[in-house]
Amino acid sequence: MNQIIMWIMAVGAVLGGVDRIAGNRFGFGKRFEEGFMLLGPTALSMSGIICLTPLLSRFLRFALVPIWNFLGLDAGLLAGILAIDMGGYQLAGELSASQEMVRYTGLVIAATLGCTITFTIPVGMGMLKSGDRLLFSRGMLIGTGTLPVTMIVGGLLSGLSFLQIVLQSLPVLLFCFLLMFGIWRFPEQTVRAFTVFADVIRLLTTISVLIAGAFCYMTGFSLLPDLAPLEDAMAVVSSIGIVLLGSLPTAELLQRVLKKPLSFIGRKTGMNDSSAADLLMGIVSPVPAITMMEKMDERGKIVNAAFLVSAASTIAAHMGFTFGTDPDFVVPLLVAKLAGGIAAVCAALFFTKKSA
């Protein structure tokens, strides 16, 4: 499946490139250029987190794992704050006590909560305009609040009992409950606090990539121990940028081909056509989904951001990673992520019904 998606993206890159040569007659060339221009914002937002991953892993092992063990919890859950393909799965394998917990923490949690913290939030806050960041933050909060749906479905499919899921995930479940309560009772204050949290992440990544990483690359002297080389992070970002060359023209084509059904969905949910189309792109990659938010209405921005928490990269990067590490868990992960994504969309539509 991952290879099929990459072929589709490759065809999209050819379509966009040819249209650019022809003078952007059909609009695909412009989207092709946008994919290349997004390399800068993506690198600025994401490379810092990649550089910090080894340092963060070391901090978890020596500072939090002993506390987790003392409380009788599986320390593998701590690995869930790292994305599935940014060290989360490997760290879960080292910390978890069973294969079921490795699947639950290293795949289910890392592909949702971890991806949100270390990828979607910094990339989204770095690429969006200031006015859209509040709507994006609100959507992220709603999506995180409905994360227990993904956790319960994914945990059961991992082989854990419902009681094990609740006990082992109690800190995360409590955190999700508090978020949903905050959105319900204190929406403005909760969004403001989340925005501050996102700004802190941006600050840490900026320090690591623009100061420590760049200084180490140019002088050979490391200001922070265990910091991953900046050039390695840039290689990862470049691979994402290459896929963007095809994904954005593909998204444009999908919007045109599916215009009528997307218009129907938009009317039924109170969103415009771009908002409905973006849900399709979100399950491929959050980056093109975020770039398309400028064309959405306010409700669509919140709904799509909420959807990304659980469903981002479902049929692309995360599916491909799982194929390479635990092929038997591909379908369960797909079911869990989509279940959480659908729950997040429903919750976001509910919380935005007044504005709609």
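**Stop one: a buried pair**

Select K301 and D132: their side chains meet in a salt bridge, 2.7 Å from N to O (that is, a Lys or Arg side-chain nitrogen within 4 Å of a carboxyl oxygen of Asp or Glu). The two sit 169 residues apart and link distant parts of the chain, with K301 in helix 15 (residues 298-311) and D132 in helix 6 (residues 130-145). Helices here are DSSP runs of H or I with at least four residues, numbered from the N terminus. Both K301 and D132 are buried, where buried means under 20% relative accessible area, exposed over 50% and partly exposed in between, using a 1.4 Å probe and protein chains only.

Before moving on, note that this is a predicted model, in which local features need pLDDT of at least 70 and side-chain atom pairs count only at pLDDT 80 or more, while totals for chains, interfaces and linings use all residues. Residues are numbered from 1 along each chain as its sequence is written, and side-chain values use heavy atoms, with hydrogens and water left out.

**Stop two: around E252**

Next, pick E252 and R31, a salt bridge with its closest N and O atoms 3.7 Å apart. E252 belongs to helix 11 (residues 230-257) and R31 to helix 2 (residues 28-37), so this pair ties together parts 221 residues apart in sequence. R31 is buried, as is E252.

K295 lies in the loop between helix 14 (286-291) and helix 15, so its pairing with E252 in helix 11 ties together parts 43 residues apart. Which residues join the network? Salt bridges with shared partners connect R31, E34, E252, R256 and K295. The salt-bridge count comes to eight.

**Stop three: the nonpolar core**

Now show Y104, F136, M140 and I142, which touch the most other members of the largest nonpolar core, a set of 96 residues. Such a core consists of buried Ala, Val, Leu, Ile, Met, Phe, Trp, Tyr and Cys joined through side-chain atoms within 4.5 Å. Helix 5 (residues 99-127) supplies the largest share, 15 residues.

Zoom in on I142. Leaving aside residues up to four places away in sequence, I142 touches M180, I183, I302, A306, A344, A347, A348 and F351 (contact being heavy atoms within 4.5 Å).

**Last stop: colour by confidence**

Colour by pLDDT, the predictor's confidence in each residue from 0 to 100. The protein averages 84, and 97% of the residues score at least 70.
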